[in-house]
Amino acid sequence: MRSYSALEGFLAPARPQSELWRSGLGAAAIVMIYLAAGWGLLIVLSRSMPDIMLLRLMNEIASGSTPRGLVILLLTFAPLLLGTIFVTRKFHARSAATLFGPGTLHSLRLLLPWLLLFSLLTFALALLSADTGRSNPLPVVLTWAPMAVPFLAIQITAEEVLFRGYLLQQLGARSRNPLVWMVLPSALFALLHFSPGEYGSLAIWPALWAFAFGCFAADLTARTGNLGAALALHFANNFGSLFLVGFYGQLDGLALYTIVINTRSGFDMAPWLLFDMLNVVICWLIARLALRV
């Protein structure tokens with residue numbers, strides 16, 4: 001496809017060592033590194049505080065419902081990023097830079113301001129809803145922002161480097177069929193966003209939203225030949241939901257406002273899911289216009 005002409009250059013570094021067994025082993029190693037780091041953190045915390053305090057902290061981290069819990073949760077993605085870089089270097093003999101592709105910083109710098117401006121617009125629209133209420137005071141958010149924003153950058157970079165970097169490249173090096181390099185990593189991305197504990201029987205819908213997001217991010221990566229657009233899309237989306245307007249009790253530890261609805265009710269959730277999906281589609285179009293791809 002002419003629209004994906006930049007994809008070949010993005011995939012080229014992965015081709016020499018793109019055997020399926022090697023990629024599968026690498027993916028498994030990344031997961032093991034991530035889980036081992038999580039267990040290590042748990043052991044350190046369990047030895048440094050009473051059980052009741054540890055349980056409270058773990059609940060904060062799991063829900064991201066306090067500034068401390070959210071910041072730690074974002075930081076837990078660092079081992080995922082480091083694990084992906086380690087596997088790329090040791091299992092595939094290529095540098096971490098190849099995961100990002102040429103021109104990543106240029107695409108990111110060009111696109112991110114536009115997407116952040118659009119996030120502010122959607123924030124203003126969300127405030128018009130009766131479901132939206134005040135959450136954290138602005139001084140609290142500003143106090144934590146110097147730590148939280150860089151950790152957010154780590155979180156979105158870890159996910160993009162894994163799903164739109166490592167997995168897309170390793171699978172794309174084997175097949176140029178979008179069902180392979182776009183759909184499969186996006187399906188895995190969606191699986192990680194499947195949360196019956198939060199959404200009950202509606203859990204499939206946020207997961208499908210994540211799947212669509214993954215496909216849009218992969219499409220932009222293929223069109224540009226780098227991760228810059230995907231990183232900008234992911235950062236702007238998460239910035240809006242974590243710091244501007246989030247769902248009550250779900251990663252809202254630093255949100256200025258929260259949407260207070262029953263997340264297990266299809267009637268309550270449908271408008272917001274459609275709103276979020278429309279936002280992603282518009283951001284994808286903004287990216288294509290800004291980057292001319």
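**View 1. Helices H11 and H12 pack against each other in this predicted model.** Helix H11 and helix H12, the latter formed by residues 228–244, pack at an angle of about 145 degrees, and their axes lie 8 Å apart. On the H11 side the meeting residues are Trp209, Phe213, Ala217, Leu220 and Thr221, and on the H12 side they are Ala229, Ala230, Leu233, His234 and Asn237. An α-helix has 3.6 residues a turn, so residues three or four places apart point the same way.

**View 2. Helix H11 is shown along its length, from residue 204 to residue 224.** With 21 residues at 1.5 Å a residue, H11 should span 30 Å, and because its end C-alpha atoms are 30 Å apart, the model agrees with that expectation. The helix is mostly covered, since 17 of its 21 residues are buried. After H11 comes glycine 225, whose phi is positive, near 75 degrees.

**View 3. Helices H4 and H8 cross at roughly 20 degrees.** The axes of H4 (residues 67–75) and H8 (residues 138–172) come within 8 Å of each other. Angles under 35 degrees count as roughly parallel, and therefore H4 is roughly parallel to H8. The crossing of these two helices is left-handed. H4 contributes Pro67, Arg68, Val71, Leu74 and Leu75 to the contact, while H8 contributes Val140, Trp144, Met147, Ala148, Phe151, Leu152 and Gln155. Of the residues in this contact between H4 and H8, 10 are nonpolar, one is polar and one is charged.

How values were computed: Residues numbered from 1 in each chain as written. Predicted model: local features only at pLDDT ≥ 70, side-chain atom pairs only at ≥ 80, totals over all residues. Heavy atoms only, no water. Axes fitted to C-alpha atoms, helices over the stretch in contact; angles between N-to-C directions. Helix = DSSP H or I, 4+ residues; strand = E, 2+ residues; numbered from the N terminus. Parallel < 35°, antiparallel > 145°, perpendicular 65-115°, else oblique. Left-handed = near helix turned anticlockwise from the far one by under 90°. Contact = heavy atoms within 4.5 Å. Nonpolar A, V, L, I, M, F, W, Y, C, P; charged D, E, K, R; others polar. Expected span 1.5 Å × (residues − 1). Buried < 20%, exposed > 50% of the residue type's maximum accessible area, 1.4 Å probe, protein only.
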